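Here are a few exercises to work through with the model open in your viewer. Try each one before reading its solution.

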Amino acid sequence: MKAEIFRLEELSKIQGETIRSHFSSPGAIFSTIFSFFRPSGEQDEKNGGVFSQDFVGLISRFILPLTLNKTIFRNSNFIIKALVGLVSQKTSHYITEDSVSNVWHKIVAAFDGHSGSIVDKVSSLFEKKRTKRPVNHPAHATARANTIKADQ
């Protein structure tokens with residue numbers, strides 16, 4: 001029994017020194033706090049902590065639920081808003097700087113001035129195609145009749 005008490009006292013001293021080392025300097029305090037948010041071991045960023053995402057992913061974790069709850073789900077009850085918050089937190093893992101930049105580049109390419117852009121396609125719909133009417137078109141018949149009367 002005395003041996004177990006001695007072992008536990010030694011273990012308590014070792015753990016106390018470890019805890020003191022975590023709070024010995026400001027840098028150690030910050031690393032201790034950020035270690036709570038870091039994933040333990042080798043995990044991908046979808047299973048990792050809060051700070052394992054990039055900047056756009058971190059912003060989307062807060063902006064997406066706030067925007068959805070203020071616009072689409074404005075008059076919903078607490079349970080619906082909580083579910084929207086949970087689902088949007090999970091979907092924010094798919095919003096990264098790469099995905100946002102890919103969408104932005106596709107939008108810019110669609111409105112770019114090169115051939116095949118949306119602007120060219122829409123403007124081609126509204127362009128008047130001036131083709132010469134055939135000689136025996138009915139509109140020419142009235143014009144010819146007027147010129148014949150004028151000549152007489």
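**Exercise 1.** By about how much of the helix are Arg 7 and Glu 4 separated in H1?

Solution. Start with the ground rules: this is a predicted model, where local features need pLDDT of at least 70, side-chain atom pairs count only at pLDDT 80 or more, and totals for chains, interfaces and linings use all residues. Residues are numbered from 1 along each chain as its sequence is written, and side-chain values use heavy atoms, leaving out hydrogens and water. Now locate the pair: Arg 7 and Glu 4 sit three residues apart in helix H1 (residues 2–22), so about one helical turn separates them. Helices here are DSSP runs of H or I, at least four residues, numbered from the N terminus. Then check the atoms: the two residues form a salt bridge, with the closest N and O atoms 2.7 Å apart. The term means a side-chain nitrogen of Lys or Arg within 4 Å of a carboxyl oxygen of Asp or Glu. Searching the whole structure turns up two salt bridges.

**Exercise 2.** Work out which residues of H3 meet H4.

Solution. Take H3 as residues 55–70 and H4 as residues 78–91. With contact meaning heavy atoms within 4.5 Å, the H3 side gives Arg 61, Leu 64, Pro 65, Leu 68 and Asn 69. Their partners in H4 include Lys 81, Val 84 and Gly 85.

Conventions. Axes fitted to C-alpha atoms, helices over the stretch in contact; angles between N-to-C directions. Helix = DSSP H or I, 4+ residues; strand = E, 2+ residues; numbered from the N terminus.
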